[in-house]
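Please open the model in your viewer and keep a selection tool at hand. The stops below go from a sheet to a single residue.

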Amino acid sequence: MESLQELKKNFSSGVSRQFLLWGDVGDYLPASEDEKYITLRQFLLNWLKGLVDIIIFYDIASAMKFPIPGHEKKFRELTGFTKRKPPEIDKKALKAMSPKAQQEFLEYVEGLKNAPEPPLPTEPNDVLSLVRALMENVFCHKTKPKVALILPYAETLAPAGFGEYSLGDRINTVNLRYLAASDNLSDGSITILITKNIVDSHASLRGRGSRLITVEIPLPQKEERLQFTENLLKNTDFKT
């Protein structure tokens, strides 16, 4: 699809690091290599998995999802959302303790070993702020990690504001504008917003001076629908 090829080109050339995909975002897309059709989600995964260190999908219903194995572990390590490491047991010091103190200490160590990982944030403000901090390398890693943040139902994070527009919506909007425009973010990071109707997302995201690029996914034309139907028939095993 021409519009998605333009998306790739604009990102690889450094024109923008934030894109708003809108239109027919829930349909199948042609995958040219073997005439298969894939979802927009799968297209983004196929494209980005070799370009970035971590891929995150987030929406307010499903929280953060990491579709690539190992990416959640890496994210937790980079942001500090890991289990607390139990202290080393000094046998000499342990012997010097009273029996009660020994028992309490060993129970404490065992509790740390069995403790679950701390939960990742789920609220939009917290998620966007944390990912922004990671892209900015606030955690002072030797190299800034490359992160892809993909936001389906983006209109629920930064709504157009025709009705109620809460403080949380405002914070989300500012965070998203920052992710588009800041020069402090890691090179190679990208934010992709996805919405069906472009007017449902806040106008300031794509307004004057914004570095966000909008990408329309058009409805398939008659010829494209015919190709899809033919492909479906060819790859379906009809049993009589």
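The tour that follows names what to select at each stop and what is found there.

This is a predicted model, in which local features need pLDDT of at least 70 and side-chain atom pairs count only at pLDDT 80 or more, while totals for chains, interfaces and linings use all residues. Residues are numbered from 1 along each chain as its sequence is written, and side-chain values use heavy atoms, with hydrogens and water left out.

Begin with the open sheet of 6 strands, ordered S5-S4-S6-S7-S1-S8 with mixed pairing; strands are DSSP E runs of at least two residues and helices are H or I runs of at least four, numbered from the N terminus, and two strands pair if DSSP finds at least two bridges between them. Strand S5 (63-65) and strand S8 (213-217) stand at the edges with a single partner strand each, so one side of each has no neighbour in the sheet.

Next select strand S6 (residues 147-151), which runs parallel to S7 and is joined to S7 by 4 bridges; Leu-151 is found opposite Leu-193 in S7.

Then move to Ser-189, in the loop between helix H7 (167-181) and strand S7 (190-195). Ser-189 is buried, with a relative accessible area of 1% (buried means under 20%, exposed over 50%, partly exposed in between, with a 1.4 Å probe and protein chains only). Show the side chain of Ser-189: one of its polar atoms lies 2.9 Å from the backbone nitrogen of Val-147.

Notes:
A polar contact is a pair of N or O atoms within 3.5 Å; within protein, one must be able to donate a hydrogen and the other to accept it, and residues adjacent in sequence count only if both atoms are side-chain atoms.
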